[in-house]
Amino acid sequence: MPLRLDIKKKLSARSERVKCVDIHPTEPWVLASLYDGHVFIYDYTTQQVVKSWEVSEQPVRCGAFIPRQQWVIVGADDMFIRVYNYNTMDKVATFEAHQDYIRSVAVHPTLPLVVSCSDDMLIKIWDWEKGWSCMQVLEGHSHYIMQVRFNPKDPNTFATASLDHTVKVWSLSSPVPNYTLEGHEKGVNSVDYYSGGDKPYLVTGSDDRSVKIWDYQTKSCVTTLTGHSHNVSAVAFLPDRPLIVSGSEDGSVLLWHANTYRLETTLNYGLDRCWSVAYLKGSNLVALGFDNGSVLLQLGKDEPVASMDNGGKVILAKHNEISTVNVRNASADNLKDGERVVLPSKELGSCEIYPQSVAHSPNGRFVAVCGDGEYIIYTALAWRNKAFGTADEVVWDGGAGEYAVRIGSSDVRVYNKAFQERTALRLPFQTDAIFGGALLGVRGPDFVCFYDWETLALVRRIDVTTRSVYWADSAALVAVASQEALFVLSYNRGAVDAALDASGGVLDADGVEDAFELLHQVPDTAHSGRWVGDCFVYTNGNGRLNYTVGAEVATLFHLDRPLYLLGYLPKENRLYLVDKHGAVVSYVLLLAVLEFKTAIVRGDKATADAVLERIPKSEHNKLARFLESQGLREGALDLATDGDYRCELALALGKLEMAASIAREFPSELKWRQLSELAAARGDFALAEECMNAVDDFAGLLTLHTASGNRDGLSSVASAAGGAGKMNVAFLSHFLVGDLNGCIDQLLSAGRAAEAAIFARTYLPSAVPRLVQRWRSDLRKAGNVRIADALGSPDEHPHLFPSYTSSLESEKAAAALYAHRVTLPASAYPDHAHEPMADVSELLAGLDLANGDGQLEEAAAERELKADATAPEGTVDGIASTAAGALASMVGAVGDAVTPSAAGQQNATEREARPPAAEADTATANGEEAPAEDEPEVDFGGGFEEAEFGGDGVDFGDAGAGFGDDIPDFDAPEETDA
């Protein structure tokens with residue numbers, strides 16, 4: 001039977017003539033060297049050009065990746081070899097290598113050597129670690145040398161193909177060829193080695209239109225393959241498929257079986273002459289270069305051919321060779337998650353067909369091998385042939401030892417355990433896959449049908465585009481994997497048996513409606529999977545090893561490469577997987593953990609508690625998260641071991657004391673903040689205060705102490721916030737406790753002397769002189785000397801502050817009133833709300849600069865009368881009235897604070913009514929010029945925008961000391977306008 005491989009085109013890129021192609025071993029890249037002098041690198045996953053550049057105006061006939069150096073090396077018809085870094089596109093080296101066209105370059109697999117050959121009939125060896133110096137020049141051919149290839153089994157030797165009709169084999173250490181292979185009638189264009197260990201072969205392609213297989217040990221031609229109608233320009237021995245690829249100038253690419261030398265497939269992509277063939281060892285990718293572009297093919301599935309029985313015996317197939325390993329022989333102490341399991345391998349022999357799938361029978365006694373349209377069943381131990389036949393696919397039943405084969409797209413046959421055909425299933429639809437297990441699954445175009453093994457009656461049709469089907473050992477659960485999701489269903493065997501009994505063994509055309517019930521739909525794809533009890537373990541396309549119990553999906557491990565599940569050994573508590581190269585790796589998966597989760601999903605708490613005793617403490621935190629996902633937070637809290645997680649659960653359950661205890665033991669800012677919010681919401685203010693103190697939540701403490709009237713707490717917040725640089729909170733805390741000096745100190749510490757002076761003019765007049773001096777000092781340091789000299793001070797210029805004396809008296813009265821208030825409980829507030837100092841903002845809002853201070857004086861008098869009429873018994877005599885009277889005189893001081901440059905009692909109305917000429921005269925009376933209309937704003941040097949006070953600072957633009965060139969005359973009489 002022909003070798004049946006699914007050939008998929010991964011890349012098709014049109015371009016100018018492609019003379020050489022190569023495939024990168026780690027990146028999804030294909031290199032194409034073009035006849036027009038350009039080089040392209042394609043990404044075959046996106047079908048896009050990743051990089052391209054012009055090498056020369058002459059054709060580039062050869063190119064190759066050097067992955068360990070991140071280089072590309074190319075040779076052109078200008079006789080130069082060039083080396084580029086394919087990441088940075090820097091040119092690493094350029095040198096003249098030959099005296100004629102450079103035809104081929106080959107990179108040594110381990111040494112820093114490159115071999116080149118040319119039309120000058122010379123072979124040269126270059127060492128890049130020695131500055132690309134030529135280490136050796138080899139002569140021997142009498143015509144153009146077309147290609148050079150290293151022997152993968154002996155990298156110290158290489159072969160060259162020449163138009164002198166010969167192939168020569170050389171050694172790196174010898175200047176003369178080891179031997180010459182002669183047999184072609186015309187020039188030899190291409191040569192390649194067979195990389196398998198069983199045959200010392202190489203293949204050549206020639207202008208005589210033939211492909212020859214050579215035994216380089218006997219130096220004889222093994223066979224000649226004919227099928228091309230023009231020159232054979234490229235040949236390749238594929239290392240991972242039993243195939244020989246040949247490309248010709250007739251535009252065709254032929255695939256030959258490497259063992260039987262039978263022509264398997266002819267490919268023609270309509271791109272004219274084929275010039276180059278490249279492959280990637282360890283994969284099933286083949287690149288082709290044509291006159292009109294490049295093509296990348298995937299030959300067959302890139303998955304391992306392996307199977308493991310319930311005892312840990314693994315059967316591996318590579319080419320036609322079959323080997324076995326037993327994972328139970330590995331030392332448990334040496335097993336590490338994700339690392340290769342080092343095991344002795346035993347060769348079972350070779351298979352007569354090329355294996356594309358292997359599968360153990362349920363009892364592990366037999367192994368079914370399928371490929372090339374045939375199947376063979378072997379005994380697992382002795383590897384003896386028990387049965388064979390025609391089949392595209394073979395699957396086993398759930399345990400009786402029967403199996404089914406698929407022949408073509410509509411013929412399915414069932415064989416008994418004596419390997420005799422029992423019955424045939426003629427399908428009314430086209431199928432391309434069958435699935436074994438408790439029921440026989442047959443895939444249709446967009447559905448899957450399940451049939452009873454005994455009667456072949458249709459049990460149920462499920463409308464889902466199926467990729468694969470996985471049955472649990474109990475036959476009660478089945479996972480149906482599609483391209484988009486994974487469906488977990490329960491199978492009701494009792495309902496099917498009852499329907500069969502009721503119908504006499506003949507079911508309805510629609511099957512049994514209650515046969516399956518959808519339990520869960522997982523939005524993930526399964527590339528391989530196995531059931532472990534009631535838990536389904538699978539690998540997905542994102543490189544993860546996941547499992548699902550109930551509706552929960554958990555990631556066991558992240559995989560660094562594609563791996564495929566082989567099976568699970570409960571005694572070792574390990575999962576075993578295999579990669580595409582046949583390397584077996586393992587991961588820990590505790591069976592007790594799966595049993596616990598399964599019991600929880602079923603609601604069997606007693607079983608879960610019993611299983612929990614077998615689970616190590618290290619797994620308890622993971623189990624706690626599983627319990628939380630199932631809505632069992634109390635149980636999760638009992639099992640959790642991580643402090644952060646336990647605190648989170650305690651908060652979710654409202655257990656504040658437990659959460660606080662955990663937070664004290666494992667402190668973290670997040671836990672304390674969460675706990676403080678919940679404690680405040682629950683009214684546990686003592687705990688909320690502890691939490692806020694733990695994380696320096698000064699804003700929260702300010703709110704808490706303000707709401708509770710805690711003066712001492714506010715004082716501590718003011719001190720701590722100031723030390724921590726939280727200026728806004730510190731200032732407000734000082735202000736709320738009446739610590740006006742603290743407010744001023746906070747402003748000064750922030751470099752806000754101007755705001756400190758204005759604040760003192762309103763609330764603490766006695767501090768104004770020293771603050772004006774500080775303000776002047778800061779301005780002088782900032783270089784604003786003229787503005788500093790323009791500032792007036794009550795002790796130096798008393799005529800500018802006519803209300804200053806009364807302000808000092810008001811300050812004393814306000815201090816006395818405040819001293820009385822701090823002794824009152826919070827419940828007394830309604831009786832004292834009328835007192836003038838209760839709302840300073842109201843005083844400032846009521847200030848009318850245009851009409852003087854009369855309104856506020858009258859308002860203060862009215863409030864004093866009301867206070868006398870409504871004052872309760874026991875109020876301290878004289879305090880409120882004295883304060884009110886003092887405040888009436890302080891209103892003028894507030895007005896002065898807002899316009900400190902105004903002289904005496906002259907109001908704004910008179911200033912506005914003055915003619916412009918008078919203003920000009922006054923401005924020049926002191927010998928100064930009148931300021932220009934667009935005078936730039938004066939920089940007070942305080943850096944107001946940079947401090948933390950935000951919008952709380954004073955705007956000096958109009959109402960402040962807006963001194964331009966008009967410097968006030970501090971010695972002028974009180975009536976004179978400054």
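Predicted model: local features only at pLDDT ≥ 70, side-chain atom pairs only at ≥ 80, totals over all residues.
Strands here are DSSP runs of E with at least two residues, numbered from the N terminus, and two of them pair if DSSP finds at least two bridges between them.

Residues are numbered from 1 along each chain as its sequence is written, and side-chain values use heavy atoms, with hydrogens and water left out.

Now zoom out a bit. Strands β11 and β12 belong to an open sheet of four strands, ordered β10-β11-β12-β13 with antiparallel pairing. At the edges stand β10 (102-107) and β13 (133-139); each has a single partner strand, so one side of each is left without a neighbour in the sheet. From one strand to the next, the twist averages 20 degrees, going by axes that are lines fitted to C-alpha atoms, with angles from 0 to 180 degrees between N-to-C directions.

On to the rings. Phe, Tyr and Trp rings (the six-membered one for Trp) pair if their centres lie within 6.5 Å, and planes under 30 degrees apart count as stacked, over 60 as edge-to-face and the rest as tilted. That rule gives 33 aromatic pairs. Take W29 and Y86: their ring centres are 5.4 Å apart and the planes sit at 90 degrees, so this pair is edge-to-face. W29 is in strand β3 (residues 29-34) and Y86 in the loop between β8 (80-85) and β9 (91-96), so the pair ties together parts 57 residues apart in sequence. W29 counts as buried at 9% relative accessibility, the limit for buried being under 20% relative accessible area with a 1.4 Å probe and protein chains only. Y86 is buried too, at 4%.

Further along, the rings of Y470 and F536 have centres 5.4 Å apart and planes at 50 degrees, so they make a tilted pair. Y470 belongs to strand β45 (residues 466-471) and F536 to strand β50 (residues 535-539), so this contact ties together parts 66 residues apart in sequence. Both Y470 and F536 are buried. Elsewhere, ring pairs link F366, Y375, W396, Y403, Y415 and F419 into a cluster.

Technical notes:
Buried < 20%, exposed > 50% of the residue type's maximum accessible area, 1.4 Å probe, protein only.
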